[in-house]
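Have the model open while you read.

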Amino acid sequence: MISGSKARAVALNTVLLVSISAGMAAGQRGALTASRNLDDLSAEAGVIVRGRIVSTRVEPHPQFSALWTVVVTMQVDEAIKGQIGNSYSFRQFIWDPRDRQDAAGYQKGQRLLLLLTAPNSNGLSSPVGFEQGLFHLSTDTVGSVYATNGRNNVGLLSGVASRAAAKGIRLAPRSEALVSAPRQGPLALDDLLTLIRQLASVN
Amino acid sequence: MSQNHSAYLLLRRLAIFATSLFLIGPADLQVQYVRAAIPGGPIAVGGPSFGISGTPITWNPAAMPIQYRVDPGPMAVSPFTGAVVVDNSMGISRVGSMFSAWTNVSTAGLSTSYAGPLLSSGAYTGGPVAVGGLAAFNAIEQSCNQGVQSPVVFDPEGNLFSALGLSSGVIGFGGPCDVDPASGYIQSALLALNGNFQNSVSQISTDEFNQAITHEIGHFLGLDHSQINVDVLNQTPGGCNLAEVAGLPIMFPYLICQARVTSGYPPLSPDDSAWISRLYPVTMSTAGKTITSSAFGTISGTIYFSDGVTEVQGVNVVARSTANPLGVAFSATSGYLFTGNPGQSVTCALGGSECNTGGSLDGSRDTRLIGTFDIPAVPGTYTIQIESINPQFAGGSGVGPLRRPIPMPGIAPPAKTVSVSAGAIVNVAITLTGTPPRFDQFETSQLILRDSLSLWKFPKNSSAETLTQ
């Protein structure tokens, strides 16, 4: 016989396991990108959005039919940069046939922070630096949210302190501490957003 | 049936479902074909109905040279002055040199040749592709998808990359366009180079640019990523430990260290040379080439859970030379010939909208290949190191047969030392210690249930069998 508390434990662990799996975001195949720090990423991004993927669709570009694309639609929790509403869709070029099969790693339900290029005249955009501008969000046991990009945040904060200083940005003490001793690994989402807002306000 | 038993059955289904997610990930439930990224090896492996099961996807070795065609425009132009920085002939020469980095491997039986400028195709009627914009690129892509030609596209000012919605940091992209599903041979591939990295806009050194494009050519030729000296991720970008750069594969997923050539090393690491030789072995005496089996041996084996029976997928195995452990190292991931997504019918049976009954098209379903590895290595003495694939090496940066890597279960046993001779196979079995109960997609649901529940700290006397009674 299985007790109610045990049943809840199993169910909870099941949900946690699903959440962990669903949280993994993947970059696009077959490209190499130069390292970019957060200032670079924030400056080049035309849209910075936090939210949850509600659908993905792989289809040829409506005008250029040999170019395959993935159309990702997000429910927006927060728009940090760019004029966007409660829902935001972007269309990304995918050249690798394998990316057609799994929507380049985008999945319904993923919670992401995306720093995207502004949609161009062909309606195309992508995360700045691919895996570098794509952060997956995870929640720890006490509810704190963390952001990790496709490089485990390696190099993300390198050189940001000097950039901020050059731009006359006075960073909050907590941000100052983060950028003065950059390290890899998950960053508290609030800390990351604070930094992005400060950098984006000048860029 | 009691209410508790009904609840139990539901939970059992959830447990099995969750376990399957742990193995293959939810994205894989949505698709019928997910590639297996194979470290330091083939970009894909044949499956039951795609190529030859268990055989790497490569170009046809009997149809060499691989012919590529090049954009007739300049490789890099200054957007500030309009001056040509790298003209077409120099661009062709540099691309040729990058291909040669692979074809010059004396133990690799492949060759490539420049077949001339791009063929006209649809809206592309000749001239620099970038001048024709996205319409021209679309036509070139179409010809590649149809296996008509293998194009090398120059984007001298980055305008094409921008028109494709790519950010300024993308140095280049490439890979196979068309694969014959019967033979598993690559029919065509594409390579695109962003000239902004050579025209002072986003300048990187010539060595770094060449290394990035040579990496993409590795994909073009059918190679995938490799994980060796992963500790460089903890080092200063561009200032990595020189000793580790020596063994750092050009097929490492990220461009994060200084270029190998800048560091005084040849363009390819020992692992790169070994794997291109494994995919394209030299089997007969040929001028300028060495018979592969006379220069390489193989370290083969299987990784097991603590039970010594169940094989473990997705563990990175690195053979390090005892004489030069950081500089001479070769790798493979366990289960590299087996599919990363065998499929399952649980979600369909539960009425879910996302079915994955057939799994991936690629990768063998021969269960004898689960957990196995084969590492090509030059003769010498090696220690065998095993490790997890870096968790960030997923999807496009993937390493290993699992689309999303898992932490290596348990603890690695003490490293074994083996001696490799040319043409010989050394067998190594590695059993992890202290692993959780075994789990894989071929276990019965009761085993999955029992192990899953014990993992989740159920009392030991509450086994699946007793719970069902």
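1. Let's start inside chain B: Cys144(B) and Cys177(B) are both buried, where buried means under 20% relative accessible area, exposed over 50% and partly exposed in between, with a 1.4 Å probe and protein chains only. Keep in mind that this is a predicted model, in which local features need pLDDT of at least 70 and side-chain atom pairs count only at pLDDT 80 or more, while totals for chains, interfaces and linings use all residues. Residues are numbered from 1 along each chain as its sequence is written, chains are lettered from A and ligands numbered from 1 in the order in which they are written, and side-chain values use heavy atoms, with hydrogens and water left out.

2. Those two cysteines are bonded to each other: a disulfide joins Cys144(B) to Cys177(B), S to S 2.0 Å. The rule here is a pair of cysteine sulfur atoms within 2.5 Å. Distant parts of the chain are linked this way, as Cys144(B) sits in helix α3 (residues 129–145) of chain B and Cys177(B) in strand β6 (residues 170–179) of chain B, 33 residues apart. Helices (H or I, at least four residues) and strands (E, at least two) are DSSP runs, numbered from the N terminus. The link of Cys144(B) and Cys177(B) is right-handed, with 90 degrees about the S-S bond.

3. How many disulfides are there over all chains? The count is two. Cys240(B) and Cys257(B) form a disulfide too, with their sulfur atoms 2.0 Å apart. The torsion about the S-S bond of Cys240(B) and Cys257(B) is about -85 degrees, so this disulfide is left-handed. Cys240(B) lies in the loop between α5 (206–221) and α6 (242–247) of chain B, and Cys257(B) in the loop between α6 and α7 (270–279) of chain B, so the pair ties together parts 17 residues apart in sequence. Cys240(B) counts as buried at 6% relative accessibility, and Cys257(B) is buried at 5%.

4. Now zoom out to chain B as a whole. You'll find eleven helices and 14 strands there, and 59% of its 469 residues count as buried. Among contacts in chain B (heavy atoms within 4.5 Å) with a separation of 6 or more, 70% are between residues 24 or more positions apart.

5. Finally, have a look at helix α5 (residues 173–180) of chain A, whose buried residues are Ser175(A), Leu178(A) and Val179(A). Seen down the axis of α5(A), the buried residues fall within an arc of 90 degrees, so they line one face of the helix; the arc is that of the directions from the helix axis to the C-beta atoms. Pro173(A) and Ser180(A) are exposed on the other side of α5(A).
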